[in-house]
Amino acid sequence: TDFLTLMLAQLKNQDPTSPVDSNTFLTQLAQLSEVQGITQLNTSFSTLSSSLSANQALQASSLLGHQALVTSPTAQLAANGTVTGSVSVPQTTSSVVLNIADSTGNVVRSIPLGAQAAGLANFSWDGKETSGSPAPAGTYTLSVAYAGQTKTSGAATTLVNGTVESVSMGAGSAGMTLNVAGVGSVAFSSLQQTSN
C-alpha cells in the first residue's frame with residue numbers, strides 16, 4: 001500500500017515538461033511485483049512451518065509410554081535399578097569400554113563391550129559397582145574409550161534407554177523436547193530409536 005501511495009504521488013507531482021521515463025515506471029512496477037511475491041512466499045513458508053510443527057507434535061505424542069533410545073552423556077540410576085543403552089562407535093575397533101562415573105567423577109564401574117564394528121553397541125549396567133555392591137541411586141556420567149581412538153576419529157557417544165513421559169513444544173529455536181524417564185529433557189532430534 002505504501003509503495004502504491006508513493007508511486008501515485010510521484011505520478012501526480014511529476015514535471016509535465018519532463019515526465020517520468022517509462023522504463024523507470026516499469027522498473028518500479030517490477031519491484032512492486034517482486035516485493036509482493038516475497039511477501040506471499042513468506043506467508044506460505046509460515047503456514048508450512050506451522051503445519052510441520054503440528055505434524056511433528058502429533059508424531060511425538062505417539063511416543064508417549066514407548067521406550068526411546070536418546071543421546072545422553074548421563075543416566076539416572078534408580079534404587080536397585082539398571083541402566084541400558086548403546087554406544088555409538090565411529091569406527092571398527094578391537095576394544096570398547098564404557099566407564100560409569102559418580103557425581104564426584106570417580107569411575108564406579110567399567111563395562112568392556114569387546115570388539116565392535118562401527119555403529120551402535122548395546123550395553124546393560126546392573127546398577128552395581130566394581131566391588132559388586134549396589135551403586136546408590138543418582139545421576140551417573142557415561143564415557144567411552146575404544147582402541148584406535150584419535151582426535152580425528154572422534155569420540156564415541158552414549159545413548160540411554162528410557163520411557164517417554166511427555167512431549168514439550170519449545171518456543172522459537174528451542175524446538176520440541178522429550179521428557180524421558182532416567183534421562184530428563186532431551187531434544188527431539190537426539191531420538192535414535194523407539195520400541196514398545
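This is a dialogue on how to read a few features of the predicted model above.

Colleague: What should I know about the numbering and the model before I start?

Modeller: Residues are numbered from 1 along each chain as its sequence is written, and side-chain values use heavy atoms, with hydrogens and water left out. The model is predicted: local features need pLDDT of at least 70, side-chain atom pairs count only at pLDDT 80 or more, and totals for chains, interfaces and linings use all residues.

Colleague: How do I read an aromatic pair, and how many are there by this rule?

Modeller: A pair of aromatic rings is described by the distance of the centres and the angle of the planes. Rings of Phe, Tyr and Trp (its six-membered ring) pair if their centres lie within 6.5 Å; planes under 30 degrees apart count as stacked, over 60 as edge-to-face and the rest as tilted. The count here comes to one aromatic pair. W125 and Y140 form it, edge-to-face, with 5.2 Å centre to centre and 75 degrees between the planes.

Colleague: Which strands hold W125 and Y140?

Modeller: W125 lies in strand 6 (residues 119–125) and Y140 in strand 7 (residues 138–146), so the pair ties together parts that are 15 residues apart in sequence. Helices (H or I, at least four residues) and strands (E, at least two) are DSSP runs, numbered from the N terminus. Both W125 and Y140 are buried; buried means under 20% relative accessible area, exposed over 50%, and partly exposed in between (1.4 Å probe, protein chains only). N106 is found in the loop between strand 4 (93–101) and strand 5 (107–116).

Colleague: How do I read a salt bridge, and how many does a search of the whole structure find?

Modeller: Side chains of opposite charge can pair when their charged atoms come close. The rule asks for a side-chain nitrogen of Lys or Arg within 4 Å of a carboxyl oxygen of Asp or Glu. The search finds one salt bridge. R109 forms it with D126, and their closest N and O atoms are 2.8 Å apart. R109 lies in strand 5 and D126 in the loop between strand 6 and strand 7, so the pair ties together parts that are 17 residues apart in sequence. R109 is partly exposed at 22% relative accessible area, and D126 is partly exposed at 38%.

Colleague: Is T158 buried or exposed, and what does its side chain reach?

Modeller: T158 is buried, with a relative accessible area of 6%. The residue sits in strand 8 (residues 157–169). Its side chain reaches the backbone oxygen of S72 at 2.6 Å. For a polar contact, a pair of N or O atoms must be within 3.5 Å; within protein, one must be able to donate a hydrogen and the other to accept it, and residues adjacent in sequence count only if both atoms are side-chain atoms.

Colleague: Where is S72?

Modeller: S72 is in the loop between strand 1 (67–71) and strand 2 (74–77), and counts as buried at 5% relative accessibility. A polar atom of the S72 side chain lies 2.7 Å from the backbone oxygen of T74. Contact means heavy atoms within 4.5 Å. Leaving out residues up to four places away in sequence, S72 touches L142, T158, L159, V160 and V183.

Colleague: Which residues does A121 contact?

Modeller: Apart from neighbours within four places in sequence, A121 is in contact with G85, S86, V87, L113 and Q116. A121 lies in strand 6 and is buried, with a relative accessible area of 2%.

Colleague: Where does A147 lie?

Modeller: A147 lies in the loop between strand 7 and strand 8, and is partly exposed at 32% relative accessibility. The C-alpha atoms of A147 and T93 are separated by 5.8 Å, although the two are 54 residues apart along the chain. Beyond residues up to four places away in sequence, A147 touches Q91, T93, S94 and S95.

Colleague: What is the phi of N80?

Modeller: The phi of N80 is near 55 degrees, a positive value in a residue other than glycine. N80 is in the loop between strand 2 and strand 3 (83–89), and counts as exposed at 72% relative accessibility.
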